[in-house]
Amino acid sequence: MPREITAFSNPLIKRVRNLRDKKHRREEGLFLAEGLRILTEAREAGRLPQYLFYTRESANHPLVLALVDAVENKTGWAIETNADILSKLSGKDNPGAVVGVFAEFEAKLDDLDRASAPIWLVAERLRDPGNLGTILRTADAIGAGGLILVDECVDPFSVEAVRASMGALFTVPVARAPWAEFATWLRKGPGQLVGLSLDTDLDYQAARYEAPTFLLTGNEAQGMPDFMAKACDVTVKIPMLGKADSLNAAVATAVMAYEVLNQRRRA
């Protein structure tokens, strides 16, 4: 049966609040996801929270009821609470209807089937959780096989990244690896590595992309290092006609991803 917690001093509330901190997420192997849409996406993708928090006001919503039933049937805990506690858990003044605590999950490079999709996204040293979440949304939108995070990227399980992904974290495989490990894995099979760079004259629409295409986006401030650019099969640039010298990393990734997708559609 669903449980009820209304006290801020409850040990579980304190434990869950701590998951907003990366150190505690790593120690617990758990992370937070907030919002009815995101948790519904997770449920439809076959992932359920270990703990589900919801308010009495939302208890009769059909999607909340579906989540409560699914969690309880899978031996998780569905916990009724109030808006103040939900706000403390989510870190938002106006929290969504639900907050879930999920076990972290992550693909390994060897788990990825490069033949399963013609497009894959690769991000190197991303620092902004909003960019990471947006790139995940792009990956979901174009049917990418997954997102590979190279070297020290922002935590994909941070509250901000999960929120920005709008549920795509649960639908797009995410793997993390050092550059050397990724480069070795990539060259063990087919795959064209395409880098986004300002140090090239090749327009992104002039290049021809081969499946599977791995689109590599560099760090927001520095771009990719020279040795990574040299390791690419091709580097391309998006024309900049105004005063700005580059696009936001997530925007550039989306522009490139849809160019690759459109070439596939026209083939």
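Modeller: What covers the buried residues of α5 includes α1 (11-17), β2, β3, β4, β5 and α7 (159-165), where buried is under 20% relative accessible area, exposed is over 50% and partly exposed lies in between, with a 1.4 Å probe and protein chains only. Helices (H or I, at least four residues) and strands (E, at least two) are DSSP runs, numbered from the N terminus. This is a predicted model, in which local features need pLDDT of at least 70 and side-chain atom pairs count only at pLDDT 80 or more, while totals for chains, interfaces and linings use all residues. Residues are numbered from 1 along each chain as its sequence is written, and side-chain values use heavy atoms, with hydrogens and water left out.

Biologist: Which are the buried residues of α5?

Modeller: They are I85, L86, S87, L89 and S90.

Biologist: And what sits at the start of α5, and what follows α5?

Modeller: At the start of α5, a side-chain oxygen of N82 comes to within 3.2 Å of the backbone nitrogen of D84, and α5 is followed by G91, whose phi is positive, near 80°.

Biologist: Switching to the sheet, what is the strand order?

Modeller: The sheet is open and has five strands in the order β1-β4-β3-β5-β2, with mixed pairing; two strands pair if DSSP finds at least two bridges between them. The edge strands, each pairing on one side only, are β1 (3-4) and β2 (30-34).

Biologist: How do β3 and β5 pair?

Modeller: Strand β3 (residues 51-55) pairs with strand β5 (residues 98-103) in the antiparallel sense, over four bridges, and V99 in β5 is the bridge partner of F53. Helix α3 (residues 36-44) packs on the sheet, touching β2, β3 and β5, where contact means heavy atoms within 4.5 Å.

Biologist: Last topic: how many disulfides?

Modeller: The count comes to zero, a disulfide being a pair of cysteine sulfur atoms within 2.5 Å.

Methods. Axes fitted to C-alpha atoms, helices over the stretch in contact; angles between N-to-C directions. Polar contact = N/O pair within 3.5 Å; in protein donor to acceptor, adjacent residues only side chain to side chain.
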